[in-house]
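Subject: Structure handover

Hi,

Here is the structure I promised to pass on, with my notes below it.

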Amino acid sequence: RHTMAAAGPSHGHGDRRTAAPSVDLTTLHGPRTGIPDRTFTLTAAETAIKLTSGAPVAAWTFNAQVPGPELRVKQGDLVEVTLVNRLPKEGVTLHWHGLDVPNAEDGVAGLTQDAVRPGGTHIYRFRADRAGTYWYHTHQASSTAVVRGLFGAIVVERAEQAREEFDTVVMSHAWPVGDEPRPAFGAADTLTRKAVQPGTAVRLRLVNTGNNTVSDAEATTFALTGTPYRVAAIDGGEVREPGELRNLRLSLATGGRYDLTFTMPNGPVYLADLAAPGKGLLLSPDGTGTPETPVLSGDFDPAQYGRPAPTPFDASSRFDRQFTIVASDGVGFVDGSLDLIQAFNGRLYPDVPMQMVRKGDLVKMTLINRSRDNHPMHLHGHHALVMSANGRAVTGSPWWIDTLDLPPGTWFEIGFRADNPGLWMDHCHNLDHAAAGMLMHLGYE
Ligand code: C2O
Ligand code: CU
């Protein structure tokens with residue numbers, strides 16, 4: 001992998017270049033001392049699994065299962081995770097997707113640590129400050145290793161708040177079988193049936209772990225039938241007063257999360273992934289029933305959902321830094337041969353300039369997609385507020401994201417406070433696009 005040094009600062013900042021660094025180096029790692037509230041060990045290894053379709057997959061697994069074990073912690077917990085690598089020859093790391101951990105715990109090979117070699121171990125320590133649904137995955141050769149199974153969920157439960165009686169993570173994943181990835185619902189290519197009593201409070205934590213390389217489905221699209229429901233949280237952040245929804249397409253960015261809540265009705269409820277017909281999750285009082293084909297009447301729009309509230313800044317604020325990122329495609333050279341390239345501002349990593357900030361800066365990014373493909377943008381280490389979508393202000397609940405899908409022809413203004421020093425990735429979470437160069441860095445002076 002390329003190292004940081006290859007990227008270089010983007011442009012001059014006049015005399016700010018010579019100013020003292022804004023970062024206290026001792027804040028770059030998690031708490032080194034203190035007894036952890038929760039400890040986990042995740043062991044990466046190769047495991048032969050069989051999808052329910054019968055297709056064999058030489059999976060890479062954490063603790064011999066896919067998804068890896070679900071890590072459940074309480075908000076405020078000091079979490080310690082030991083990564084053990086027993087893969088035959090590949091390196092591995094753990095990245096905590098959506099958790100704004102200190103930089104040295106972020107698990108990006110070649111940037112915040114070296115990949116852990118076969119036989120090696122690495123200990124991650126961080127405080128789980130923000131409640132919500134997150135996931136972990138390796139960040140070494142991610143475009144091949146995540147799709148093969150090196151991922152799992154991490155759920156941070158609110159310290160004082162009872163969880164829903166039926167609370168489960170649903171990961172939508174695409175498996176590589178033969179040369180082509182195939183869509184599968186959950187990790188098992190299956191229809192899962194569960195018995196849930198009427199009146200039960202349900203929370204389904206949807207995570208899109210796929211790579212968007214399957215068919216032409218641009219983003220994983222879920223649909224929930226059989227009950228009205230609410231989108232209670234987006235990327236881990238609770239939505240304020242989410243209204244009741246029905247019969248909508250729920251397009252979820254690759255890497256993104258939606259938490260759906262509802263009260264179990266008397267009849268069956270079916271959660272479908274529209275890219276994997278017949279697969280999904282079926283809840284019913286006796287655990288039987290057949291999935292119905294969802295009839296959908298519109299698209300869920302987070303920009304207009306929930307109740308507005310004052311935000312710490314908005315599009316009219318004075319920003320210390322502003323960056324514009326244009327995603328485009330075209331013909332170019334990749335590794336010496338002519339290919340279709342997906343680029344940021346016409347450049348491929350490591351030639352995409354690093355975005356430089358100082359600690360405390362209020363930063364605005366304008367993200368524009370002029371290409372023909374979706375680009376789910378993921379900024380590490382920070383949560384950003386979506387301020388406008390396609391020129392229109394966000395009118396719903398404050399919309400905080402760590403992963404934002406950019407469909408073709410769209411543009412968004414997002415803002416964040418630079419409050420987590422270090423060197424961070426900012427990339428397309430279609431990991432094939434990232435591997436081909438759709439990747440840049442955010443750095444603190
Ligand atoms: Cu979920 Cu840089 O990754
Ligand atoms: Cu992309």
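Ala141 counts as partly exposed because 18 C-beta neighbours lie inside 10 Å; a residue is buried with 20 or more other C-beta atoms within 10 Å of its own, exposed with 12 or fewer, and partly exposed in between, with C-beta atoms placed from the backbone. Although it is not a glycine, Ala141 has a positive phi of about 45°. Its place is in the loop between strand 7 (132-137) and helix 1 (142-145); helices (H or I, at least four residues) and strands (E, at least two) are DSSP runs, numbered from the N terminus.

Asp235 is another residue other than glycine with a positive phi, here near 50°. Asp235 counts as buried, because 26 C-beta neighbours lie inside 10 Å. You will find Asp235 in the loop between strand 14 (230-234) and strand 15 (237-238).

A word on the ground rules. This is a predicted model, so local features need pLDDT of at least 70 and side-chain atom pairs count only at pLDDT 80 or more, while totals for chains, interfaces and linings use all residues. Residues are numbered from 1 along each chain as its sequence is written, and chains are lettered from A and ligands numbered from 1 in the order in which they are written.

How confident is the predictor? The protein chain averages a pLDDT of 89, and 91% of the residues score at least 70; pLDDT is the predictor's confidence in each residue, from 0 to 100. Over residues 1-16 the pLDDT is below 50, and beyond near neighbours in sequence this stretch has 23 contacts in the model. Two residues are in contact if their C-beta atoms, placed from the backbone, lie within 7 Å. For the complex, the predictor gives an ipTM of 0.97 and a pTM of 0.92.

Now the overall picture. The protein chain has two helices and 32 strands. Along the principal axes, the C-alpha atoms fill a box of roughly 70 × 55 × 50 Å. Of the 445 residues, 46% count as buried. Among contacts with a separation of 6 or more, 76% come from residues 24 or more positions apart.

Strand 19 (residues 280-284) deserves a look. Five of its five residues are buried, so strand 19 is largely enclosed by the rest of the structure. In a regular strand the side chains alternate between the two faces of the sheet. Here Gly280, Leu282 and Ser284 are buried on one side, and Leu281 and Leu283 are buried on the other. Which strands pair with strand 19? Strand 11 (residues 191-195) pairs with it in the parallel sense over five bridges, and Ala195 stands opposite Ser284. Strand 18 (residues 269-273) runs antiparallel to strand 19 and is joined to it by three bridges, with Tyr270 opposite Leu282. Two strands pair if DSSP finds at least two bridges between them. The hairpin of strand 18 and strand 19 has six residues between the strands, and there Gly278 takes a positive phi near 85°.

There is also an open sheet of four strands, with the order 2-1-4-6 and mixed pairing. Strand 2 and strand 6 (121-127) are its edge strands, each pairing on one side only. Strand 1 (residues 38-50) and strand 4 (residues 78-85) pair in the parallel sense over seven bridges, and Glu80 in strand 4 is the bridge partner of Thr39.

Two cis peptide bonds are worth checking on screen. One joins Val66 and Pro67, with omega about -10°, and Pro67 sits in the loop between strand 2 (56-62) and strand 3 (71-74). Another joins Tyr349 and Pro350, with omega about 5°, and Pro350 is in the loop between strand 22 (337-344) and strand 23 (355-357).

Finally, Gln113 lies in the loop between strand 5 (95-97) and strand 6. Leaving aside neighbours within four places in sequence, Gln113 is in contact with Thr93, Gly107 and His122.

Best wishes
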